[in-house]
Amino acid sequence: MSSLLSFCRQCCSRTVTRASPLSHRQFATTQVLSAKRQKQSKIRIPSKKAAAAKARRKAAIATKAVDRSEFLTLADAISVLRAVEVARPNSTLDLYVKTEIKNGVAVPKGRVNLPREAKAMSEDKILVFAEGRQAEEAKKAGAHFVGGPELIDGVINNRFKATTILCTPDLIKAITPRLGRVLGPLGLMPSERRGTVTDDIAGYIQRIRGTSEWRADKTGNIHMPIALMNFPVEDAVKNIRHFMASVKRVTGNTKEAEDSRKLKNSGAKPVTNILKVMLSSRQGPGIRILDY
């Protein structure tokens, strides 16, 4: 009997010792899971420097892919479009400029006075936030709406429909909290960078009188009726060059802006690249311009 009991104890101890390693087995490191992990691809997130270099390479490839033989000079493009629109001498020549909008850069916007206007200019509605002597000067200069913070509700409710809004430095802090979100997306919020926050209200109104405003949309496209078909070619070319000079000045594509960037001037304006310039008409094709 005692021998039978000892034999049973030995069998139980062997069963326990054999089962104990299985109870503590590490399933997280099995061969199957290890093989699956090796098959999983690791996603590499490129750095900002690498992403910028890749974007430059793509832009260079795209530039080389453009067939510049399809480009025409301004005079040739105007002649082609006039031939297409021979039955419509009063139709309009439209200029299209594509700019590159980068993050944190405002859309291009400016004013221009063409040597020969292609259409009748609409009158600017000017609203001025000013008080005292400056308010009187603004009224004499031809401003349509003049006042202090009491005009804020009228601007928000669209009772005062202005195309240009100016402000004196003394009142800009008073109007910004309520009007910033309303006028900012419309490009009408006064700012020192654009020169619409100034003490010389009368002088600013005098400078913009007789000029027309142009601005790009959110994707950087600028459309401008630049001339009529019955204009002499020289007048149409002069209008286009005059307008493009304004666009280059605003986007930082002038020689002076380039020299300032070469000197690493901290106040240098960031450049907005001009990607494409095209001339078209109502029935004619869009022609890429070579000498803008």
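Reader: Is the crossing in which H4 passes H9 left-handed or right-handed?

Author: This is a predicted model, in which local features need pLDDT of at least 70 and side-chain atom pairs pLDDT 80 or more, whereas totals for chains, interfaces and linings use all residues. Residues are numbered from 1 along each chain as its sequence is written, and side-chain values use heavy atoms, without hydrogens and water. With the near helix turned clockwise from the far one by less than a right angle, the passage of H4 across H9 is right-handed.

Reader: Which residues of H9 meet H4?

Author: From H4, the contact (heavy atoms within 4.5 Å) involves Leu74, Ala75, Ile78 and Arg82. Their partners in H9 are Val233, Ala236, Val237, Ile240 and Arg241.

Reader: What is the geometry of the aromatic pair of Phe145 and Phe160?

Author: Aromatic rings pair if their centres lie within 6.5 Å, and planes under 30 degrees apart are stacked, over 60 edge-to-face and the rest tilted. Phe145 and Phe160 lie 5.1 Å centre to centre with 45° between the planes, hence the pair is tilted.

Reader: How many residues apart in sequence are the parts that Phe145 and Phe160 tie together?

Author: Phe145 lies in strand S4 (residues 145-147). Phe160 belongs to the loop between helix H6 (152-156) and strand S5 (164-167), so the separation is 15 residues.

Conventions
Helices (H or I, at least four residues) and strands (E, at least two) are DSSP runs, numbered from the N terminus. Rings of Phe, Tyr and Trp (its six-membered ring) pair if their centres lie within 6.5 Å; planes under 30 degrees apart count as stacked, over 60 as edge-to-face and the rest as tilted.
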